[in-house]
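Please read it alongside the sequence and the model.

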Amino acid sequence: PAEDEARVDEIKRLLEAHNAVLVAHYYTDDAIQQLAEETGGCVADSLEMARFGARHEAETLVVAGVRFMGETAKILSPEKRVLMPTLEATCSLDIGCPADEFAAFCDQHPERTVVVYANTSAAVKARADWVVTSSIAVDVIEHLQARGEKILWAPDKHLGGYIQKQTGADMLLWDGACIVHEEFKAKGIQDLKALYPDAAVLVHPESPEPVVGLADVAGSTSQLIQAAKELPQDKLIVATDRGIFFKMQQAVPGKTLFEAPTAGNGATCKSCAHCPWMAMNALDNLAGALRHGSGEIFVDDALRAAALKPLERMLNFKA
Ligand code: 13P
Ligand code: SF4
């Protein structure tokens, strides 16, 4: 529509005027991903978003995604202004892991190395020894296990269970889940596989264990797009937020992509596998943030210093 075009032009002008760069997650609107790409920003998984923001020389980072992504950007680049289209965009994993309850849990298990998923508040990260994203979680835990460390993991029980299974590590799990990925059902994927027996199954490891069990490849959003390119199959069943289909389809124009069903009867639910908080990012509030400097992320100094350590461990980790 014409008003979207006008908004896109305005955002392009504002990005330049403010020496700003747009860092977007794969689950945001197609128009936002497109804009990030056209303006020299990035569209990426959460680890790559963090790396990109930290390395970029822009004065302002505009982070289109959810709150923890903006906070991570600010912790890594305190000298930059970090704006988000809306500060309301949170994550069920973050909500399900309040810092005070988490600290009490850690206090009960002082002998364990505390590893938290990036999908957490700055205050939870500040209590951790390590932060990981899904793209390097297995490698980091393998490394810690080889050093004989026992792990306290939070907040995603499905991702934690998956890592435990992959590595055999001794992991105590917090009871959290992603409301989007938790909706995928193994039965529905099996029914779809029966229709397309030669299709490969790609799964984000925030999905429940029976769903990950059906995966030909489990991995972060970027890893799933990479796998779509590398796998020989030309039909792919994809169990993650449907925002990913924009870049994935561009990466494999000749392949057929199927949304993994979110109900056991094999029916796909168009509105289920889409994160309600990612969906809060739109061209309008993105333009508004740049126009008014609204949606700015601030992280308390002491908290920032404490959260920086486990985040830097992640960024410096080489498998
Ligand atoms: P990725 O690191 O795979 O992009 O995952 C972030 C996320 O929130 C998935 O739900
Ligand atoms: Fe959080 Fe799930 Fe949304 Fe990712 S998809 S931001 S894990 S609620």
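**Notes on the predicted model**

1. Of the contacts in the chain with a separation of 6 or more, 63% are between residues 24 or more positions apart. The model discussed here is predicted.

2. The secondary structure consists of 15 helices and 12 strands. Buried residues account for 48% of the 319 residues in the chain.

3. As to overall dimensions, the C-alpha trace spans about 50 × 50 × 30 Å along its principal axes. The radius of gyration of the chain is 19 Å, which agrees with the value near 20 Å for a compact globule, because that is what 319 residues would give.

4. Helix α10 covers residues 186-195, and its buried residues are G188, I189 and L192. Seen down the axis of α10, these buried residues fall within an arc of 100°, so they line one face of the helix. An α-helix has 3.6 residues a turn, and therefore residues three or four places apart point the same way.

5. Ligand 1 is surrounded by residues from several parts of the sequence, including D45, S46 and L47, then N119, and T133, S134 and S135. C178, H204, E206, S220 and T221 also belong to these surroundings. By class, the shell around ligand 1 divides into eight polar, two nonpolar and two charged residues.

Technical notes:
Residues numbered from 1 in each chain as written. Chains lettered and ligands numbered in written order. Predicted model: local features only at pLDDT ≥ 70, side-chain atom pairs only at ≥ 80, totals over all residues. Buried ≥ 20, exposed ≤ 12 C-beta atoms within 10 Å, placed from the backbone. Helix = DSSP H or I, 4+ residues; strand = E, 2+ residues; numbered from the N terminus. Arc of directions from axis to C-beta. Near = placed C-beta within 6 Å. Nonpolar A, V, L, I, M, F, W, Y, C, P; charged D, E, K, R; others polar. Rg over C-alpha atoms; globule rule 2.2 N^0.38 Å. Contact = placed C-beta atoms within 7 Å.
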